[in-house]
Amino acid sequence: MHLTDYLKEDDIFTDFRAADKAAALGNLCRHAAERHGLCYDHILQVVLDREELGSTGLGGGVALPHGQTSDVEKPALTLALAPEGVDFDSLDGPPVRIYVLILTPLAADGREHLQLL
């Protein structure tokens, strides 16, 4: 498995900005919805539901918001680089500078989802 199989140039932001965690998640989901023809409200809710279980801000300035949804037939990824960082309620506290939004099919057995994480 190679990330380049899932992540294309149009899926990458190099100057990502957001006021806070909610705005960051909204912007990531908006881009994924536009890029992959998905329902913004649905994928945002999937990501927010997962986030309620615990922050996907892993530490070290990295966050991996993710979820499984019936909206995608194959994994859809978005990479965002936030040079200024965004407060994300990360496990270690510092702002997040690297985001990888991962959306995978709900019907899948979960192995591909785990491998991408």
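Leaving aside neighbours within four places in sequence, Pro95 is in contact (heavy atoms within 4.5 Å) with Gly61, Gly85, Val86 and Asp87. This is a predicted model, so local features need pLDDT of at least 70 and side-chain atom pairs count only at pLDDT 80 or more, while totals for chains, interfaces and linings use all residues. Residues are numbered from 1 along each chain as its sequence is written, and side-chain values use heavy atoms, with hydrogens and water left out.

- Pro95 sits in the loop between E5 and strand E6 (96-105); helices (H or I, at least four residues) and strands (E, at least two) are DSSP runs, numbered from the N terminus.
- With a relative accessible area of 33%, Pro95 is partly exposed; on this scale buried means under 20%, exposed means over 50%, and partly exposed is what lies in between (1.4 Å probe, protein chains only).
- Between Pro95 and Gly61 there are 34 residues of separation in sequence, yet 5.8 Å in space, C-alpha to C-alpha.
- The loop between E5 and E6 is also the place of Asp89.
- Asp89 isn't a glycine, but it has a positive phi of about 55 degrees.
- Asp89 counts as exposed, at 54% relative accessibility.

**Strand E6 and its partners**

- E6 is largely enclosed by the rest of the structure, because eight of its 10 residues are buried.
- Strand E3 (residues 62-63) runs parallel to E6, joined to it by two bridges; for two strands to count as paired, DSSP has to find at least two bridges between them.
- Ala63 has Tyr99 as its bridge partner in E6.
- Strand E4 (residues 66-69) also pairs with E6 in the parallel sense, over four bridges.
- For Thr69, the bridge partner in E6 is Pro105.
- E5 runs antiparallel to E6, and seven bridges join them.
- Leu103 in E6 stands opposite Ala76.

**Salt bridges**

- Side chains of opposite charge can pair when their charged atoms come close.
- There are four salt bridges in the structure, each being a side-chain nitrogen of Lys or Arg within 4 Å of a carboxyl oxygen of Asp or Glu.
- One of them pairs Arg35 with Asp11, with the closest N and O atoms 2.9 Å apart.
- Arg35 is in helix H1 (residues 21-36) and Asp11 in the segment before strand E1 (12-13), so this pair ties together parts 24 residues apart in sequence.
- Arg17 and Glu84 form another salt bridge through their side chains (2.5 Å, N to O).
- That pair links distant parts of the chain, with Arg17 in the loop between E1 and H1 and Glu84 in strand E5 (residues 76-86), 67 residues apart.
- Arg17 counts as partly exposed at 45% relative accessibility, while Glu84 counts as exposed at 59%.
- Lys21 and Glu51 also meet in a salt bridge (3.0 Å, N to O, between their side chains).
- Lys21 belongs to helix H1 and Glu51 to helix H2 (residues 40-53), so the pair ties together parts that are 30 residues apart in sequence.
- Both Lys21 and Glu51 are buried.

**Around Asp11**

- Apart from neighbours within four places in sequence, Asp11 is in contact with Tyr6, His31, Arg35, His36, Leu77, Thr78 and Leu79.

**The largest pocket**

- The largest pocket holds about 210 Å³ of space.
- Lining that pocket are 13 residues, of which Tyr6, His36, Lys74, Pro75 and Ala76 are the closest to its centre.
- A pocket here is an open set of points on a 1 Å grid over the protein atoms alone, where a 1.4 Å probe fits, with protein on both sides within 12 Å along at least five of seven lines; lining residues have an atom within 4 Å of a point.
- Grid points are joined across faces, edges and corners, and the volume is the space filled by probe spheres set on the points.
- The lining divides into five nonpolar, one polar and seven charged residues, where Ala, Val, Leu, Ile, Met, Phe, Trp, Tyr, Cys and Pro count as nonpolar, Asp, Glu, Lys and Arg as charged, and the others, Gly among them, as polar.
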